[in-house]
Amino acid sequence: MPTVSGYNRQPSVTSIALITGGSTPERNVALAGAGEVAAALRHKAYAVVVIDTYHGVLDAAQEATILDSSVGLEPPDEEELESIAAAEDLVATVRLEEVRASDLVFLVLHGRQGEGGLVQALLEAEGIAFVGSDSGASFLAMDKDVSKRLLRAAGVATPDWEMWPADGAAIDSLGLPLVVKPSRVGSTVGLTIVYRRQDVQAAVELALRYDSEVLLERFVDGREITIGVLGDEPLAVGEILPENEVFDYECKYTPGMCEEVFPAPIDDSLASRARELALVAHRTLKLRDLSRVDFRIDGHGELWCLEVNTLPGVTSTSLLPQSGAAAGVPFAELCDRVCELALRRSS
């Protein structure tokens, strides 16, 4: 069982601006996580102000209603997200007095806004310290085509892929079933498992609703595992057992649709190898503070990296916190430690 080395934070009042929301399909996921992170940090004696990119600074009543722990069975509809996107101003958000006056920004944003480097670049331009990877690393990890190339060059196996448009020969080389998904979106939004060649176009059209770049990837049949990384240490390996064929949005956020087992019931040597590769992936993409790396184990016991998440879900029951808890780092301490890592870097 992996454990994470100890640390001692000197007690002090540290102000945190927690930025959440966004206008991506993962908005509700971010809001749910923000509520739990805010509570955890306050428990650790941080002074926390929560800022929704749409509603602005939230008072206590707004936190109670907006930071809802129920994510919902489906992402917000496109019309709702377009309305939010038209009203929010990310530049104005990072320039808020509450953000400028904070010691640190804790980002609970998902999708391209939070994980693609945009908000990170704005914070960097303003000289504001924040938790997580910098803008360049965030961009690299969010773009599945680019990140897969880097991972493969570093010796981390990842399923073969092609970017759309792909001709018939390229599709045939990948084989069926085939994973079709947006290249720069998380939470498996817009993802389809295709079993017939004639269904590829419809799957691509669905993916294009969420991103202008679409990735076609060889489907790896097997067990799915995940490993969190805290600082520069891999946490516990967990196994994901979804009701559906893949760990999709429905399985992630519908109670009873998925079983998540920490530590994963796999051979110790395989678990050790998975943790080693997770750290290689984290370092290869130049990530910092926290990440989560997902793999499939094929029928031959080979590990295939599916993706690397730079700002993974952070509710107490999300995969990264479960990976931490299994390694002896409870949720509130996990939140505390990523803040400490960022504060040390900015001091």
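View 1. Take the contacts (heavy atoms within 4.5 Å) between residues at least 6 apart in sequence: 70% of them join residues at least 24 apart. This is a predicted model, where local features need pLDDT of at least 70 and side-chain atom pairs count only at pLDDT 80 or more, while totals for chains, interfaces and linings use all residues. Residues are numbered from 1 along each chain as its sequence is written, and side-chain values use heavy atoms, with hydrogens and water left out.

**View 2. The whole chain.** You'll find 15 helices and 13 strands here; these are DSSP runs (helices H or I, at least four residues; strands E, at least two), numbered from the N terminus. The radius of gyration, taken over C-alpha atoms, is 19 Å, close to the 20 Å that the globule rule gives for 347 residues, so the chain is as compact as a globular protein of that length. That rule is 2.2 Å times the number of residues to the power 0.38. Along its principal axes, the C-alpha trace spans about 60 × 45 × 35 Å. As for burial (under 20% relative accessible area, 1.4 Å probe, protein chains only), 57% of the 347 residues count as buried.

**View 3. The largest nonpolar core.** A nonpolar core is a set of buried Ala, Val, Leu, Ile, Met, Phe, Trp, Tyr and Cys residues joined through side-chain atoms within 4.5 Å. The largest one has 40 residues, and Leu-18, Val-37, Leu-41 and Phe-106 touch the most other members. Elements that each supply at least two residues include strand S1 (15–20), helix H1 (27–43), strand S4 (104–108) and helix H15 (331–346). H15 gives the most, with eight residues.

**View 4. Zooming in on Val-37.** Leaving aside residues up to four places away in sequence, Val-37 touches Leu-18, Phe-106, Val-108, Val-314, Phe-331 and Cys-335. There's also a second, separate core of 25 residues, with Val-229, Leu-279, Leu-287 and Ile-297 among them.

**View 5. Pro-159 in its loop.** Pro-159 is found between helix H9 (144–153) and strand S5 (161–163), in the loop that joins them. Buried or exposed? At 0% relative accessibility, Pro-159 counts as buried. Not counting residues up to four places away in sequence, Pro-159 touches Lys-148, Arg-152, Glu-217, Arg-218, Val-220, Trp-304, Cys-305 and Leu-306. Pro-159 and Leu-174 are 15 residues apart in sequence, and their C-alpha atoms are 9.1 Å apart in space.

How values were computed: Buried < 20%, exposed > 50% of the residue type's maximum accessible area, 1.4 Å probe, protein only.
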